[in-house]
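Hi,

Here is the structure I promised to send over. Have a look at it first, and then read on for what turned up.

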Amino acid sequence: MFVRDEELFNNNVFVLNDSPQIETIQTDVAELIIIDDFYKDMDSVLGEIDKLPFTKVFPHYSGNGDTFFDTRKVYTNNMTGSEIPYTIDNSLRDGVGELIDYPKESIAVLGDLLINCFQFTDKFELDDSKYYSVHRDAPDHVAMVVFLNKHYEEGEGMNFYRETEYNRSTDNRFTLREDIDIIHTVQGKCNRAVLFDTMFKHGQHTPTDQFKKEMRYTQAIFLKLN
């Protein structure tokens with residue numbers, strides 16, 4: 001054998017659970033869909049993600065690499081045999097189509113495996129007057145964020161926000177809490193996915209010091225609505 005099996009990236013473990021737990025949350029902005037037990041074998045998924053390298057992103061952000069560390073792990077399939085299973089068996093496309101009542105033939109799953117990796121350093125002062133990384137993504141999409149850490153402290157997770165008229169913060173990484181209202185916070189939980197419209201303002205909720213002590217991992221999946 002040229003390469004040991006444990007050194008190979010096994011893309012075939014990214015299989016969806018065919019009996020997840022679904023909860024729908026209605027808000028005055030848009031619907032949120034919580035999917036628990038998203039992957040069939042989460043331990044194997046985490047083992048393969050560990051093999052991927054880190055790439056530093058947003059180098060223009062002041063403090064990146066000093067007070068916080070913002071990186072990605074990315075896997076791109078580009079030939080037969082390298083595909084992520086849910087992109088070729090249509091299990092994700094069909095499941096999302098059913099959940100949002102949208103024609104499955106008009107949904108395109110973007111095929112890259114994208115892992116957001118984030119950690120605060122000891123130099124970062126936790127500040128309860130600000131929210132971190134409030135943003136939208138591209139229009140005409142829905143997104144899924146999958147929580148990948150094995151444990152989450154109470155309150156750690158993801159916020160969804162009402163639209164704001166202004167942001168007085170001078171740092172584009174942060175939004176002042178007095179300038180924006182939370183509509184809903186999704187508690188982080190391993191193997192929990194959140195499905196939402198990408199134009200619904202959102203961002204990580206990291207109120208404790210958990211992610212000073214360990215890296216925060218989430219998978220982002222984007223689906224184009226044609």
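Is lysine 123 buried or exposed? With a relative accessibility of 59%, lysine 123 counts as exposed. Before going further, keep in mind that this is a predicted model.

Lysine 123 is a handy way into the salt bridges. It pairs with aspartate 66, and the closest N and O atoms of the two are 2.8 Å apart. Aspartate 66 sits in the loop between strand S3 (55-56) and S4, while lysine 123 sits in the loop between S6 and strand S7 (130-132), so the pair ties together parts that are 57 residues apart in sequence. Aspartate 66 is partly exposed, at a relative accessible area of 37%.

In total the structure holds 9 salt bridges. Another one joins the side chains of aspartate 28 and arginine 162, at 2.6 Å from N to O. Here aspartate 28 belongs to the loop between strand S1 (21-26) and strand S2 (31-36), and arginine 162 to the loop between S9 and strand S10 (174-176), so this pair links parts that are 134 residues apart in sequence. Aspartate 28 is exposed, at 57% relative accessible area, and arginine 162 counts as partly exposed at 32%. For a buried example, go to aspartate 70 and arginine 72: they form a salt bridge with closest N and O atoms 2.8 Å apart, and both residues are buried. There is also a network, in which salt bridges with shared partners join Asp36, Lys189 and Arg192.

Now the helices. In helix H1 (residues 42-49), the buried residues are Met42, Val45, Leu46, Glu48 and Ile49. Seen down the axis of H1, they fall within an arc of 160°, so they line one face of the helix. Their cover includes strand S4 (68-75), strand S6 (113-120) and S8.

In helix H3 (residues 91-100), Leu92, Arg93, Val96 and Gly97 are buried. These cover an arc of only 130° around the axis, which puts them on the same side of H3. They pack against helix H2 (85-88), strand S5 (107-109), S8, strand S12 (192-197) and strand S14 (216-225). Just after H3, aspartate 101 has a positive phi of about 55°.

Valine 146 counts as buried, with 0% relative accessibility. Leaving out residues up to four places away in sequence, valine 146 touches Phe38, Tyr39, Arg192, Ala193, Tyr217, Thr218, Gln219 and Ile221. The C-alpha atoms of valine 146 and threonine 218 are 5.4 Å apart, although 72 residues separate them along the chain.

A polar atom of the glutamine 119 side chain lies 3.0 Å from the backbone oxygen of lysine 212. Beyond its neighbours within four places in sequence, the contacts of glutamine 119 include Phe68, Phe69, Phe211 and Met215.

Last, a sheet. 3 strands form an open, antiparallel sheet in the order S11-S9-S13. Strand S11 (182-187) and strand S13 (202-205) are the edge strands, each pairing on one side only. The twist averages 25° from one strand to the next. Strand S9 (residues 157-161) and S11 run antiparallel and are joined by 5 bridges; phenylalanine 160 has histidine 184 in S11 as its bridge partner.

Cheers

Technical notes
Residues numbered from 1 in each chain as written. Predicted model: local features only at pLDDT ≥ 70, side-chain atom pairs only at ≥ 80, totals over all residues. Heavy atoms only, no water. Buried < 20%, exposed > 50% of the residue type's maximum accessible area, 1.4 Å probe, protein only. Contact = heavy atoms within 4.5 Å. Helix = DSSP H or I, 4+ residues; strand = E, 2+ residues; numbered from the N terminus. Arc of directions from axis to C-beta. Pairing = 2+ DSSP bridges. Axes fitted to C-alpha atoms, helices over the stretch in contact; angles between N-to-C directions. Polar contact = N/O pair within 3.5 Å; in protein donor to acceptor, adjacent residues only side chain to side chain. Salt bridge = Lys/Arg side-chain N within 4 Å of Asp/Glu carboxyl O.
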